[in-house]
Amino acid sequence: MSIEKIWLSHTPEFVNRRIEYPTLEELSVQINNLKSHQEVISNFSIWEKCIEDLILLRWSWLNSVAPFNTEDSYIDEKIENISNTFEKIKNSNIFDSVFLDKITHNIKTISNSNDSPLYDEMKSHLEPTHSICFIQTDPSSLSWLENYTRQNRKWVVKSPSQIRGDVFYDAIVIFGQATKLIKRRGFADKSVEFLLTSPRAKKIYWSHYKWTSIAVEPEISLVGSLPETKAINYNESMFLNMKDTSRSIFKDESLVPQVNEQKYLESINKLVSIENIDNVENIEEAHCYVLSKEESNKNYAAYVLHDEKATVVDDFDEDGTLDIEKVHPSQVGEGMYILKRMEGADRDVLEEIANSILGESMTVARQHQKNWRNSLKEKTQEISEEKVISDLKSLGISYVNKDTIKRWTTNAIKPKSSVHFNILLKYLDFDQQIPEIVSSMDKIHSAHIEAGQKLDRLLREKINNLDVKNFSGKVQIDFDLLGENMGTLSAFRIEAKLNSLVKVPKSWGGWGIKEITNA
Amino acid sequence: MNRKFVDDKLGNLFGDWFDFLFQLGESAATAKYENLKYVLLIPTASFTPHIIATGAISGFLQSSLTTGFISATEAKEKLLSSEKGVEVSVVDKELETLKPVVGALDSIDIERSVFWLKISSNDIKYANPAFPLDNDRYLVSITNKPFVIPDKPIEQVSNVDMSNFPAYYKNVDVLGLFGLPKNMIQIAGNKKELIGQSNTQFQINQEIKYSFADLLLLNRSKKEMFLTNILSSNEDKLIEESELSIFVQNPNTNLESIFEWENGKTQIILIPKTSRNAPTLVDLYNKEYLFRENEEELELYPDYIPRGCEIMAYQV
């Protein structure tokens, strides 16, 4: 693919296609009216689940490219839940049944319709001889879209990840809401904004419903760079066009299904207070993921400490098979599977495996590790952390900060640079033992790498390249990796991620999941 | 200049972007800051490190890193003022093939008008060669860095035909490439992808075929002289002595793993906007920029920056 074309493609032509579809628009207004109805607000506990299902249903239809009557068990389940709740409410005569019947009528009309408005309207504007890439953001529409575009050899359907390389099209077509694009299946992958800032096409079409906005502004930018060199200036017509929400009734963010975060936060605080943690050092900020797993009306949550990575399973490269990756917690979201060790979760299995690899040298090596870590901890208590940081900086370790000190005294085996490790050991008055300590840490480092590789290998053998369908519809999948002694490892489907960081006992961020009362 | 890939699909290799990347390499080579970092957010990483690296070679040839090859008579003063042990290369013009003798400056005898290089630590087996100071048959290049004396002499041989290099490297004496230190540039990223691009051929004015592997004197065989290494982004494999390190966020790599690495020299970090790791890496380097030691705004890059390229330079 021509590198020159990619270099020169910084200002694509942008076409904002606002699609009309009155029935869905009417239903959206009805959902909002129902949500803000006094009776619903007063008795929200009765309505909560039904409102949630209505919002989820609306979100699916807003982003669906396939005809509305395409078979979809997820949508069917939502419609059935809504219908059942409406029936119960109508039977109890606590609400205007005519209002509910109108909603039901619109839901039926849409779900029986063979219309695919986002695509149908769009198609008439596309030039058949042009190479066109339809961006797939809604997996449930994938096979329909692939079949439909097959009639033109120059038209292809790709996920954003499939066009990260040096490819180039006459046009790309994006469907639905911006949030769905940026947070595909909940995966908060902001990197897909490259579709706007480093487009692989001369033209971008964005097809969405007329009464919704798609306001989106790129966020990934180098703070020290000159604004005028950015690929697309945020005041350019493309973004002004997106920002023009004057004609839109619904802003993108108001349509996105939300979790009742406040309730979960209160519940977590309650559970933490029961734990009776005396030492504040044992409380850490963590990301909280509400899991889809439900048992006897109880919800569960998994926690990842704020400075650690989460091990998750998803089809990251979107090739139809599962992959395991360690990713930043902010990138983990709804629909992904988080891996947690379950049985035997009270101990560090990686350290245990590493110790067995170390064999006879384990005792001496671990003692050396304990010695220099403790010495660093003591030094920070003795002369203050700030002083230690400034001393180490003046000795040439320029990047050191509080997080570095924390990492060195807890998780890291040693500083990455051997030069810096030598400086640190000298600073801690270990001059005479440097060769022995360095050699011990090297041994531990190698043993941990070997242990990690062993675990990774076992995991990948079990999970990698499994068809995505293997996980489809499941909320928990258990793996027995190392036999009885080492316990099991489970993958849990994430229902939602809380926006706020929560303060929880440090141990919660380790293995295992915790009950979370959604009361 | 019309540069075009031999493979038609790849198109042209010239224009504002090419010029910017080449000049950036030149600027990076001549920048006088310790631990200098350039971070670039770009549309594609393909061929980008290679163009920058060739620019850097051009820059190094113009910089004070070496004197370039000058006649022994001309080099006399510089040799007298250089410290013992610095790397010196000598070429005998009368030999058919250019085979520079590389060694550490050992001693100078003004009365006899001779200087000696130490080319091996084994003095019994390998004699230290002497060269006349007042004879223009010999060309001398003097670096400003110490030469690590090997067990046995290193023979500087290149099987690359450099006769066409002047069409690519303008305004520099390509013979100077022999005088530049080994391992001068390292490019770290997805090794397979980077090497593949290095071997991709392009033509200048539809005539001679070039590859970046040749232009960068890439390390392909232990027997040949080389200036540039292509490595995987593994901290343990990085080379401390490299004057310029170019780190590329390629598929199946993660530059986070070498974020803390430093050798006191210049680094150029290339982040394609399409990379899944772009948000994390940009956040990481933005934080480093905001908390940098030297708050001076360093605009050590070409005046013209093409649209679609974000760049920042800072000292850590």
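**Figure 1. Burial and secondary structure of chain A in the predicted model.** Of the 519 residues in chain A, 33% are buried. The secondary structure of chain A comprises 19 helices and 16 strands. When contacts between residues at least 6 apart in sequence are considered, 76% of those in chain A join residues at least 24 apart.

**Figure 2. The open, five-stranded parallel sheet of chain A.** The strands follow the order β1-β7-β4-β2-β3, and their pairing is parallel. From one strand to the next, the twist averages 20 degrees. Strands of a sheet pair through backbone hydrogen bonds, either parallel or antiparallel.

**Figure 3. Pairing of β1(A) with β7(A).** Seven bridges link β1(A) to strand β7 (residues 201–209) of chain A in the parallel sense. Within this pair, R18(A) has H208(A) in β7(A) as its bridge partner.

**Figure 4. Domains of chain A and the contact between domains 1 and 2.** The domain assignment divides chain A into domain 1 (3–16 + 120–255), domain 2 (22–111), domain 3 (261–344 + 487–516) and domain 4 (351–451). A distance of 30 Å separates the C-alpha centres of domain 1 of chain A and domain 2 of chain A. Between these two domains, 15 residues of domain 1 are in contact with 12 residues of domain 2. The side of domain 1 of chain A that touches domain 2 of chain A consists of seven nonpolar, six polar and two charged residues.

**Figure 5. The side of chain A that touches chain B.** Here 31 residues of chain A are in contact with 36 residues of chain B. Two or more residues of the chain A side are given by each of α1 (3–7) and α10 (194–197) of chain A. The most comes from α1(A), which gives five residues. By class, the chain A side contains 11 nonpolar, 12 polar and eight charged residues.

**Figure 6. Nonpolar cores of the model.** The largest nonpolar core has 127 residues, and those with the most contacts inside it are I172(A), V173(A), L40(B), L216(B), I269(B) and L270(B). Helix α1 (residues 16–30) of chain B provides the largest share of this core, eight residues. Another core, of 31 residues, lies apart from the largest one and includes Y264(A), L322(A), L339(A) and W508(A). In soluble globular proteins, nonpolar side chains tend to be buried together.

**Figure 7. Surroundings of L40(B).** Neighbours within four places in sequence aside, L40(B) is in contact with I268(B), I269(B), L270(B), I271(B), C309(B), E310(B) and I311(B). Among these partners, I269(B) and L270(B) are also listed, with L40(B), among the residues with the most contacts inside the largest nonpolar core.

Figure 8. With neighbours within four places in sequence left aside, the contacts of Y301(B) are L24(B), S27(B), Y38(B), I311(B) and A313(B). The C-alpha atoms of Y301(B) and L215(B) are separated by 22 Å, and the two residues are 86 residues apart along the chain.

**Figure 9. The two domains of chain B.** Chain B is divided into domain 1 (3–65 + 180–315) and domain 2 (70–146). The C-alpha centres of these domains of chain B lie 32 Å apart.

Methods
Residues numbered from 1 in each chain as written. Chains lettered and ligands numbered in written order. Predicted model: local features only at pLDDT ≥ 70, side-chain atom pairs only at ≥ 80, totals over all residues. Pairing = 2+ DSSP bridges. Helix = DSSP H or I, 4+ residues; strand = E, 2+ residues; numbered from the N terminus. Axes fitted to C-alpha atoms, helices over the stretch in contact; angles between N-to-C directions. Contact = placed C-beta atoms within 7 Å. Nonpolar A, V, L, I, M, F, W, Y, C, P; charged D, E, K, R; others polar. Domains from an automatic or database assignment. Buried ≥ 20, exposed ≤ 12 C-beta atoms within 10 Å, placed from the backbone. Core = buried A, V, L, I, M, F, W, Y, C linked by C-beta atoms within 7 Å.
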